[in-house]
Structures are given as structure tokens and as C-alpha cells.
Amino acid sequence: MRIMDRPEYASKPKPLTMTADVTVAEAVAAMSDRDYGSVIIVDGGEKVVGMVTERDIMKRLVNKQRDAEKTKLADIMTRDVRVAKETDDLQDWLRMMSNERFRRLPIVDDGGKLVSIMTQGDFVSYTWPELLDRVSEQTKATVSNNYQVFLIAGGILLYSILLIFMLRS
């Protein structure tokens with residue numbers, strides 16, 4: 001399934017974007033106002049050049065005792081951010097995010113312009129119902145293909161329970 005095929009994809013709010021010359025204090029204020037965990041750093045053409053997450057702020061600003069009013073996003077941003085296209089396979093990206101341990105994935109159009117952002121949590125919540133459906137279907141197939149075994153096992157179990165109650169009386 002492609003990322004853009006998910007019904008939830010269309011309803012995702014626009015990601016918070018800023019340029020690299022914005023101060024960390026300004027970014028933190030905007031992140032707090034919108035309750036976002038990251039800001040995507042873009043150039044003039046809305047192409048992704050970096051990302052700043054709450055973790056980046058903690059590790060590269062607070063831990064280094066830098067001044068948020070003077071420090072620019074360029075000084076603490078993660079560069080070489082992985083980006084996906086709307087037409088990419090959702091489960092492939094979920095696997096990569098899990099294996100490579102990153103949680104936010106900017107989504108770009110064919111021209112490289114930022115259109116959305118998905119989180120690992122988004123992907124898991126979107127795929128969870130599908131996984132449950134697959135397990136349910138597999139269970140039904142297993143039971144229907146082997147119903148005789150389940151019927152015999154159930155009969156033996158019922159017989160054993162009845163026998164235990166009769167011996168106790």
C-alpha cells in the first residue's frame with residue numbers, strides 16, 4: 001500500500017516548517033503553540049534541508065548550555081534527513097524507520113517539495129487494523145482447514161473435564 005492511499009494521509013495537518021536562520025527560541029515557541037515534536041527546515045523552494053526534534057533541542061542546545069535566543073536552527077538541526085514520496089510503500093518505510101531508529105518521515109512530491117510528515121506512530125496506528133484483519137483471516141483459515149482436529153481435541157477436553165467431575169463426586 002502506498003503512503004498516499006491511506007485515508008488518514010489526506011487529513012494530516014501541514015507540517016511546521018522554518019528556514020535554517022530562525023532561532024531555536026522561535027521554533028520552540030511555534031512547536032509549543034501547535035503541540036508539535038519537530039520542525040522541518042526547508043529552503044526557499046520548500047525542499048527539506050534538515051529537521052529539528054525535541055531530542056535535538058535537548059541534546060544539542062540544553063545539554064550544551066547554548067542560548068536559544070542566539071542559536072540558529074542550522075546549528076542544531078539534523079541534516080541528511082530521509083524523505084519519502086507519496087507513492088512509496090508504507091510498510092517498507094515502517095520497516096526502515098524501525099530498523100534505522102527514526103520516528104519522523106517528511107513526505108515530498110515528485111519535485112522534492114514538502115507536502116506532509118508521517119510519524120512511526122502514524123504508520124503503526126494506520127497498519128494495526130490491517131494486521132488484526134490478517135491474523136483473523138489466518139486464524140479462520142487454520143481452523144476451517146483443520147476443523148476435524150479442533151473438533152476431536154474439543155471432544156477430548158470435554159470428556160476429560162466431565163470425567164474429573166464424575167470422579168470427584
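Arg101 is situated in the loop that links α5 (90-100) to β5 (104-108). In this predicted model, the phi angle of Arg101 is near 60 degrees, a positive value in a residue other than glycine. Most residues other than glycine have a negative phi. Arg101 has a relative accessibility of 74% and therefore counts as exposed. A positive phi, of about 60 degrees, is also found at Asp35, again not a glycine. Asp35 belongs to the loop between α2 (24-34) and β2, and its relative accessibility of 70% places Asp35 in the exposed class.

On the surface, a patch of negative charge is formed by Asp21, Glu26, Asp67 and Glu69. Of these residues, Glu69 is located in the loop between α3 (54-62) and α4 (73-76). Glu69 counts as exposed because its relative accessibility is 59%, and the cut-off for this class is over 50%.

The loop between β2 (38-42) and β3 (48-53) contains Lys47. With a relative accessibility of 39%, Lys47 is classed as partly exposed. The C-alpha atoms of Lys47 and Val108 are separated by 8.1 Å in space, although the two residues are 61 apart in sequence.

Helix α7 comprises 22 residues, 147-168. From the first C-alpha to the last, α7 reaches 32 Å, close to the 32 Å expected at 1.5 Å a residue. The number of buried residues among the 22 of α7 is zero, so the helix lies largely in the open.

How values were computed: Residues are numbered from 1 along each chain as its sequence is written. This is a predicted model: local features need pLDDT of at least 70, side-chain atom pairs count only at pLDDT 80 or more; totals for chains, interfaces and linings use all residues. Side-chain values use heavy atoms; hydrogens and water are left out. Helices (H or I, at least four residues) and strands (E, at least two) are DSSP runs, numbered from the N terminus. The expected span of a helix is 1.5 Å times one less than its number of residues. Buried means under 20% relative accessible area, exposed over 50%, partly exposed in between (1.4 Å probe, protein chains only). Patches are made of residues with over 30% relative accessible area and no salt bridge: like charges are joined within 9 Å, nonpolar side chains (Val, Leu, Ile, Met, Phe, Trp, Tyr) within 5 Å. Accessible areas come from the Shrake-Rupley method with a 1.4 Å probe; for residues, only the protein chains shown count as cover. A salt bridge is a side-chain nitrogen of Lys or Arg within 4 Å of a carboxyl oxygen of Asp or Glu. Lys and Arg count as positive and Asp and Glu as negative; His and the chain ends are not counted. The place of a charge is taken as NZ of Lys, CZ of Arg, CG of Asp or CD of Glu.
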